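Please look through the structure shown below before reading the notes. The briefing that follows goes through the surface, the charged pairs and the inside of one protein.

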Amino acid sequence: LKYVGLGLLMMLCFICCEAVNNTMILKTMGYKLKPLQAIKYSMIGFYFSSITPSSSGGQPAQVYFMKKDNIEVGHSSLSLLVMVMFYQIAMLGSALVLFILQGTLIKDNFGGVIYLVIYGTAVNLILIVCIGMMIFKSGWVRKAVMGLIHFLHRIKLVKNEEKWVGLADKQISEYRRGADYIKKNPKLIVKVLVMTVIQINVMYLVPFAVYKAFGLSGKSIFAMLAIQALLNIAVSSVPLPGAVGASELGFMSVFAVFFPSQLILPAMLIWRGITYYFYLGVGALVTTGTQLFGKKAKRLPS
């Protein structure tokens, strides 16, 4: 049980790392988040990412709740974009290092999974490039938003186009200002990247905690990290809420190398309970509490 508890603490650390990054980024734009407030946004993001296809609902939900706390949409959107981009970079970078260290193990046991890994890598690389262009070429953001407003106006979903263009321009100007802050602060970029590498690898360690929870030993921690990295990339682009189904089947396939056949199913259930279902429940409670009792963010003096 102590190793199950350790696994839960690892996932809490995963969530707290995102909270730290959000706090650091928003601080450069003039906001002071309290620790619990930052964790709240991370829990909301985790909850909505877990119940929407391809984790697509997490960031919009976080923007919505941050707006309720008086954080400008342009600023919150930029902070989340930066975190998503560095998450993808850290995920691919960590996987590359681990694959190099454990190349023989992967080649000998998981040749069939490599096509899913290639697909997941390609999707994530495209995402990194697109988000990078949105951050560092913010003119693209304005063109995309204005094009969307015009399209919605043409299909009669937006009646007053000028009003929405004005509102969008205000947020985009805030977005551009925030992007300038980040581009002029390379130390922030380094801090966010380091924190994200820690975040990724803490999550990758959860299967090892499950392995130890069953009293098993003899397998390399780096081997388990590498296999978790492989699984994470393979299922990251599966368009299912929380990658449900793909994650479970993937775990039972790739971690069969480490767990005896009679333990692989209970190991998968405990791993999924730690990394998904437990914090899904916590996120639901946090989201409900935030909706009812949310507190406003403080703005730092300019």
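In this briefing, a patch is made of residues with over 30% relative accessible area and no salt bridge, and like charges are joined within 9 Å. Lys and Arg count as positive, Asp and Glu as negative. The model is a predicted one. A positive patch on its surface is formed by Lys27, Lys32, Lys34, Lys187 and Lys191.

**Overall make-up**

- The protein has 302 residues, and 45% of them count as buried.
- Its secondary structure comes to 13 helices and two strands.
- The accessible surface is about 15200 Å², and carbon and sulfur atoms account for 69% of that area.
- Among contacts in the protein with a separation of 6 or more, 78% are between residues 24 or more positions apart.

**Surface patches**

- Lys34, one of the residues of the positive patch, sits in the loop between strand E1 (31-32) and helix H2 (35-50).
- Lys34 counts as exposed because its relative accessibility is 51%, and the cut-off for exposed is over 50%.
- A nonpolar patch on the surface is made up of Val97, Leu101, Ile221 and Phe222, which together have about 360 Å² of accessible area.
- Helix H4 and helix H11 (221-236) are the elements that give two or more residues to this nonpolar patch.
- Val97 belongs to helix H4.
- With a relative accessibility of 48%, Val97 counts as partly exposed.

**Salt bridges**

- How many salt bridges does the structure hold? There are two.
- Are Asp69 and Lys40 buried or exposed? Asp69 counts as buried because its relative accessibility is 4%, and Lys40 counts as buried at 11%.
- Arg272 and Glu248 form a salt bridge through their side chains, at 2.8 Å from N to O.
- This pair links distant parts of the chain, with Arg272 in helix H13 (residues 264-293) and Glu248 in helix H12 (residues 246-254), 24 residues apart.
- Arg272 has a relative accessible area of 5% and is therefore buried.
- Glu248 is buried as well, with a relative accessible area of 13%; the cut-off for buried is under 20%.

- Gln88 is placed in helix H4, and Asn124 is placed in helix H6 (residues 114-136).
- Which residues does Gln88 touch, not counting residues up to four places away in sequence? Gln88 touches Asn124, Leu127 and Ile128.
- Along the chain, Gln88 and Asn124 are 36 residues apart, and their C-alpha atoms are separated by 6.2 Å.
- Gln88 counts as buried because its relative accessibility is 9%.
- Asn124 also counts as buried, at 4% relative accessibility.

Notes
Residues are numbered from 1 along each chain as its sequence is written. This is a predicted model: local features need pLDDT of at least 70, side-chain atom pairs count only at pLDDT 80 or more; totals for chains, interfaces and linings use all residues. Side-chain values use heavy atoms; hydrogens and water are left out. Patches are made of residues with over 30% relative accessible area and no salt bridge: like charges are joined within 9 Å, nonpolar side chains (Val, Leu, Ile, Met, Phe, Trp, Tyr) within 5 Å. Accessible areas come from the Shrake-Rupley method with a 1.4 Å probe; for residues, only the protein chains shown count as cover. A salt bridge is a side-chain nitrogen of Lys or Arg within 4 Å of a carboxyl oxygen of Asp or Glu. The place of a charge is taken as NZ of Lys, CZ of Arg, CG of Asp or CD of Glu. Helices (H or I, at least four residues) and strands (E, at least two) are DSSP runs, numbered from the N terminus. Buried means under 20% relative accessible area, exposed over 50%, partly exposed in between (1.4 Å probe, protein chains only). Contact means heavy atoms within 4.5 Å.
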